[in-house]
Amino acid sequence: MFKNHLKIAWRSLKKQPFFTFLNTFGLAIGMAGGLLISLYIHDELSFDKMFADADRIHRVNADIKFGGEARKFAVTPAPMAESVDNDFSEVELVTRFRTRGSALIRKSDSEVNVKELQTTFADSTFFDMFGIELILGDKGTALKSPNTLVMTKTAAEKHFGIKDAIGQSLLMNNTETFTVTGVIDDLPKNSFLREYSIFMAMAGYEDSRVVNWGSNNYQTFIKLIPAANIDDIQQPLENFLGKYVIPGVQQFMPGITEEQFKAAGNHLIYSTIPLTDIHLRSDRVAEISGNNDIKSIYILTFIAIFLIVLACVNFMNLSTAQSLKRAKEVGIRKTLGSNKTDLIRQFLVESGLVSFGSLLLAVLTAIIALPFFNDLADKDISIPYGNPMFWLLLLLGGIVLGLFSGSYPAFFMSRFIPVKVLKGTSGSNLGGGNIRNGLVVFQFAISVFLIIGTLVVYQQLKYIQNKELGFSKDQVLVIDDVYTVGDKMSSFKEEVKKLGFVKNATLSSFFPTPSNRSDSTFAPEEGATEQENALSMQTWGVDYDYVSTLDFKIIAGRDFDRNFKNDSTSIIINESAVATIGVSPNEAIGKRYTPDMGSENPYYYKIIGVVKDFHFSPFREDIEALSLRLSDRAGSMAVKLEAGTFTNAISSIEGIWNTMAPGQPFDYYFMEDSFNRTYEAEQRLSSIFIIFTTLSILIACLGLFGLAAFNAEKRTKEIGIRKVLGASVGQISYKLSVDFLKLVVISILVSLPVGWYAMNKWLEDFSYRIEIGWWVFGLAALLAVSIAIATVSYQSIKAAIVNPIKSLRTE
């Protein structure tokens with residue numbers, strides 16, 4: 001019987017090549033889009049699950065409000081790990097990371113440095129915590145001794161080969177010597193340690209042994225014993241404020257109590273987050289690596305579902321539209337003895353055949369599109385050809401989609417009454433017009449919603465790129481690792497400034513684009529030990545040319561000046577810091593603050609200037625209080641260039657670098673590029689929106705095109721009569737198109753409020769954002785109507801220009 005159903009299904013599909021193509025192609029586009037997004041989502045959800053006992057590993061977080069600033073940290077004080085280990089029997093293991101960023105590394109007998117982009121100190125429990133095995137070395141001793149390190153396989157091959165790695169001496173940043181005691185495999189790309197290649201022994205980092213509860217710099221991970229519940233340690237962990245922190249900060253604020261701390265509006269709450277939740281559910285200060293947002297996964301999930309449902313709806317729509325053509329076939333088969341169940345089976349086999357063909361086409365499309373999708377999503381996703389479960393799920397998905405898509409047409413057509421369909425009566429009602437119209441509305445409502453989403457994301461990105469930042473990022477070249485020139489840093493800067501195409505240059509480790517950050521708590525000269533007067537600020541070390549090079553706007557006071565010897569004990573603050581103090585910018589000038597709270601003889605910084613607020617954090621965050629102070633320590637140099645001189649400038653500066661820092665890598669980037677990388681996630685989301693919105697519109701248009709063709713064919717004789725009676729081509733085209741346009745208008749009315757609500761929720765993540773203008777909805781509606789007109793008009797005009805003699809000759 002099944003073989004017979006298969007033969008009939010194949011013949012039926014061959015008889016209608018146009019509609020078979022529309023169904024197969026539309027379903028394949030939806031499946032391919034859904035498959036690509038599913039691979040992406042699977043990769044995102046798999047982060048950090050490869051580690052042994054990942055479900056028992058948690059990170060300790062800190063939520064702190066103090067000195068007028070509320071911040072959420074992914075780091076905790078150095079003694080946190082030991083205290084948790086001692087206080088909780090539920091904790092099996094603890095380990096810490098103290099990230100150090102990039103490092104220049106060379107063999108002890110070489111003069112040439114090689115840059116490793118991410119390095120970190122790690123406790124020796126690191127291997128047991130995450131179940132990491134060493135290719136070479138003994139994990140029991142690998143990170144036990146000071147000045148030892150473990151490196152990844154790729155890093156070892158880069159420096160001296162894996163076999164020769166153990167026992168090698170490496171000079172780091174031209175200052176510290178480390179011995180290699182182990183080599184591990186490269187860490188997976190879907191792990192939080194994916195960017196790290198060098199792990200140095202925490203035993204050699206002196207700060208890690210200092211009991212300082214006022215400084216948060218360490219990523220602290222805990223592993224619970226198998227039977228433990230993380231909720232059992234949450235409340236005791238919150239009690240660390242009174243048990244450890246308050247006693248630990250008495251030297252800064254003598255006599256302070258937990259009650260006084262909280263009464264002043266401050267808080268400090270320690271909490272935990274599962275390791276496997278960090279990548280998608282954590283966006284805190286000092287994350288160990290870049291994370292994604294669970295909201296983007298929800299958005300992509302909805303888009304994938306929309307695509308697949310659109311394709312299925314398309315199939316249902318076109319199949320039910322074809323019901324008039326097949327009505328007599330159903331009537332004859334019922335007359336000859338076929339029952340309803342047989343007919344349902346027959347139509348489901350047809351839909352299954354289309355679904356299977358679509359699935360093959362979808363997999364082929366996904367294979368071809370995957371490299372482009374990886375570039376778009378910044379991923380390295382591959383199709384798991386060797387995984388039987390993947391193919392089983394894919395096959396089951398195809399079967400389910402086939403049954404889902406074909407179920408309504410199958411049940412719908414199997415209900416035809418033979419007497420009526422063979423007599424030709426009630427033919428106009430057989431096609432299920434109301435349901436088809438509802439499906440068209442559903443399709444276009446989703447398409448309009450995605451158009452609105454695309455426009456809003458694009459506008460927010462445009463707003464970010466064009467908003468006044470408060471500093472100049474254009475034509476600014478940043479040269480990294482300038483400390484490698486040693487005591488010739490100032491000379492290097494002056495030599496660069498002599499170049500004709502260089503406007504100015506400044507040395508610092510702190511820039512408004514992603515770079516180092518440093519927090520300090522200041523207290524005023526009056527009431528230096530009173531927490532109510534504390535002021536928490538970012539503190540950046542800069543030189544005399546910093547403000548002028550980056551074009552900060554001074555709104556009160558003055559810039560640093562070499563003619564003022566006391567400027568070494570002066571600071572410039574921003575408007576947000578002034579607002580926290582509670583005075584006007586001019587009133588802030590001359591006030592003195594100390595970061596040396598609790599000292600018997602504190603040193604003070606005098607405020608000499610106020611700069612207009614500038615954006616140094618993502619637009620999702622408010623501008624924080626900040627201070628600039630003079631410092632002769634720097635990690636980078638920013639060079640302001642004349643427009644159009646970049647190639648010559650880079651070449652000339654590199655020449656000076658090679659003379660003053662031979663053997664050191666010349667590493668640079670443009671500040672504008674660094675700024676843009678901050679919003680890569682939003683840019684990727686915008687691109688994904690555009691692509692999949694286009695696909696959804698294409699699917700909707702395929703369905704509308706097929707329905708328009710069917711409608712024109714069904715009304716052939718009506719069109720012929722109208723032409724004979726004098727109707728023009730334009731009038732007939734309008735008559736055929738207007739019904740579809742009404743459906744599009746309804747879909748617009750349905751999708752506009754939904755789009756407005758959803759995109760406003762997305763924009764809530766940004767402290768600085770656009771207001772969604774009416775024109776966004778107007779443009780989305782206009783695009784939807786234009787696309788519908790373009791899709792329907794071809795079939796309408798084609799039907800309108802047919803000679804009426806051909807359409808009426810059978811009458």
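Into which domains is the chain divided? There are four entries to know: domain 1 (1-47 + 292-430), domain 2 (67-228), domain 3 (432-467 + 681-811) and domain 4 (476-678). Please keep in mind as you look around that this is a predicted model.

**Where domain 1 meets domain 3**

- On the domain 1 side, 37 residues are in contact with 34 residues of domain 3.
- The size of an interface is often given as the accessible area lost when the parts come together.
- For domain 1 and domain 3, the buried area is about 3100 Å², and carbon and sulfur atoms give 78% of that.
- Within domain 1, the residues that lose the most area to domain 3 are Leu-310, Asn-317 and Leu-376, which together make up 20% of what that side buries.
- Between these two domains there are 2 salt bridges, and the count of residue pairs in polar contact, both at pLDDT 80 or more, is also given as 2.
- Several helices supply at least two residues each to the side of domain 1 that touches domain 3: α2 (17-45), α10 (294-321), α11 (323-335), α12 (340-377) and α13 (388-414).
- Helix α10 gives the largest share of that side, with 16 residues.
- Sorted by class, the side of domain 1 that touches domain 3 holds 25 nonpolar, 8 polar and 4 charged residues.

**Salt bridges to look up**

- A search of the whole structure finds 32 salt bridges, and a handful are picked out here.
- Lys-295 and Asp-765 join their side chains in a salt bridge, at 2.8 Å from N to O.
- Arg-684 and Asp-378 form another, at 4.0 Å from N to O. This pair links distant parts of the chain, with Arg-684 in helix α22 (residues 680-714) and Asp-378 in the loop between α12 and α13, 306 residues apart.
- Of these two partners, Arg-684 is partly exposed, at 21% relative accessible area, whereas Asp-378 is exposed, at 56%.
- Lys-189 and Asp-380 meet in a salt bridge at 3.3 Å, N to O. They too link distant parts of the chain: Lys-189 sits in the loop between β8 (176-184) and β9 (198-201), Asp-380 in the loop between α12 and α13, and 191 residues separate them.
- Asp-63 and Lys-72 are paired at 3.5 Å, N to O. Here Asp-63 is buried, because its relative accessible area is 14%, under the 20% cut-off, while Lys-72 is partly exposed at 48%.
- Lys-493, Lys-497, Asp-543, Asp-545 and Arg-562 are linked in a network of salt bridges.

**A stop at Glu-133**

- You will find Glu-133 in the loop between α4 (126-130) and β5 (134-137).
- Is Glu-133 buried or exposed? Glu-133 is exposed, because its relative accessible area is 53%, over the 50% cut-off.
- Leaving aside residues up to four places away in sequence, Glu-133 touches Lys-139 and Ile-184.
- With Lys-139, the link is a polar contact between the two side chains, at 3.4 Å.
- Arg-98 is 35 residues from Glu-133 in sequence, and the two lie 21 Å apart in space, C-alpha to C-alpha.

Notes. Residues are numbered from 1 along each chain as its sequence is written. This is a predicted model: local features need pLDDT of at least 70, side-chain atom pairs count only at pLDDT 80 or more; totals for chains, interfaces and linings use all residues. Side-chain values use heavy atoms; hydrogens and water are left out. Domain bounds come from an automatic or database domain assignment. Contact means heavy atoms within 4.5 Å. Buried area is the accessible area (1.4 Å probe) that two parts lose on being put together, summed over both. A polar contact is a pair of N or O atoms within 3.5 Å; within protein, one must be able to donate a hydrogen and the other to accept it, and residues adjacent in sequence count only if both atoms are side-chain atoms. Helices (H or I, at least four residues) and strands (E, at least two) are DSSP runs, numbered from the N terminus. Ala, Val, Leu, Ile, Met, Phe, Trp, Tyr, Cys and Pro count as nonpolar, Asp, Glu, Lys and Arg as charged, and the others, Gly among them, as polar. Buried means under 20% relative accessible area, exposed over 50%, partly exposed in between (1.4 Å probe, protein chains only).
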